[in-house]
Amino acid sequence: MTTFNKTELLKYDLNPLLVNQEDLALIIDDYTLAHNLRTTTRMMWYALLHRKQGYTTFKIPKKTGGVRSIQAPRPYMKRILARLYKKVLIPLHSKLGPHVTGYRSGFGTKSAVIQHIYPCEVCDSSPEGTTAVSHLCPRNGTYIKLDLQSFFHSTRKWWVEDYLVSVGYGAYVSDLMAELMTVPGLPHPRDPNKTVIGVPQGSPTSGAICNLIAAQRIDEPLQAYLAYLNTENKLNEDWGWRYSRYADDIAITCGKRVHPRQRDAVVKEIRKIIQKSGYALNPKKTKIKTGRKQRKLLGLVFNQKPNIERKDYLKLRATTFNCLVHGFDTQAERAGYDNPAQFASWLRGKINYVKHIHPAHGEKLYEVFYDAVMTHYPEWIPTTPCQP
């Protein structure tokens, strides 16, 4: 395959924005794009012209009811998109701020929650297992949780193209890459009688490109607005407004208990910014809390520190103990698994997640899980999926 020298490519009239980003692939036409995707121009154009047929669509049930439509790329399409993700999106995605925690290596639900736990000397110095005496605590301030509606499908093709042009790529190349990362005929986010050319949910590039565009269209104006509020109200970082986004889940907190009128004005302005960006909010998932009420984000509670919700922990503990007493087969059948090994792998993953959030609780669960494996399926020990 033909190789390209960076010095040779620089003789073209390239956008300085692109040239100055040394970790970003230099792509000037369809030939260099195909080269970076490690394919031929013919195969790349085939994928472009038949991209709708390059996906398999299926539906999975949502926890809150309804179904979620997933577009999984076929093998040849997946290879192309995985290389596009590596060459173009990873260098851009890695430069996002810590407030973006979804679809990023080294970040996760715990990273999002920790950002909204304010330092408090009284609470932190209280003996473990006791409640601090009543005091002015920034952890009892204002909490606003918002959810974007149809996050992936709302991200249109021309948004992707505009973003790629803004980082330095030419209009022609940006259009080609935007076509690769989007699919025509997706359900319209708000009108069931229409379709859009949007980002599919299930592609290797989808999470990264949606994060990058949302960072430009939503995060920047929202952070600027919250910074204005902090300056206007003279709030330092220990008490001021904070912002994080995990894919379509937005969390905004303030250590100060804001007056209801001011709080409603803030929420109204936030909704206006999001509406102006082209996204829409899911009104059913908008939550506003103040004081000592339980705060939940991404399945975790975080009033004082990140933790698994008690009812979820007790349910998982009961399942693990039942595996020890009654065996994996009965528990797998109750959970809808045909294969006990698959159920054990799922259970181990859940326990590992608890261990990541709360090491002491996770370690206790893992001891019971290990005893259950040794009791009923000792042959699993040296192999996956149940190797300790």
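**Charges, fold and one arginine**

The mean positions of the 55 positive and 33 negative charges of the protein lie 6 Å apart. Lys and Arg count as positive, Asp and Glu as negative, while His and the chain ends are not counted. Each charge is placed at NZ of Lys, CZ of Arg, CG of Asp or CD of Glu.

This is a predicted model, in which local features need pLDDT of at least 70 and side-chain atom pairs count only at pLDDT 80 or more, while totals for chains, interfaces and linings use all residues. Residues are numbered from 1 along each chain as its sequence is written, and side-chain values use heavy atoms, with hydrogens and water left out.

Now the fold. The protein has 16 helices and eleven strands. These are DSSP runs (helices H or I, at least four residues; strands E, at least two), numbered from the N terminus. The C-alpha trace spans about 65 × 65 × 45 Å along its principal axes.

The protein has 388 residues, and 46% of them are buried. Buried means under 20% relative accessible area, exposed over 50%, and partly exposed in between, with a 1.4 Å probe and protein chains only. Take the contacts (heavy atoms within 4.5 Å). Of those with a separation of 6 or more, 65% join residues 24 or more positions apart.

Finally, look at R190. It sits in the loop between β4 (183-187) and β5 (195-198). R190 counts as partly exposed because its relative accessibility is 41%. Leaving aside residues up to four places away in sequence, R190 touches Q149, S154, R156, G278 and A280. Q149 is 41 residues from R190 along the chain, and their C-alpha atoms are separated by 8.6 Å.
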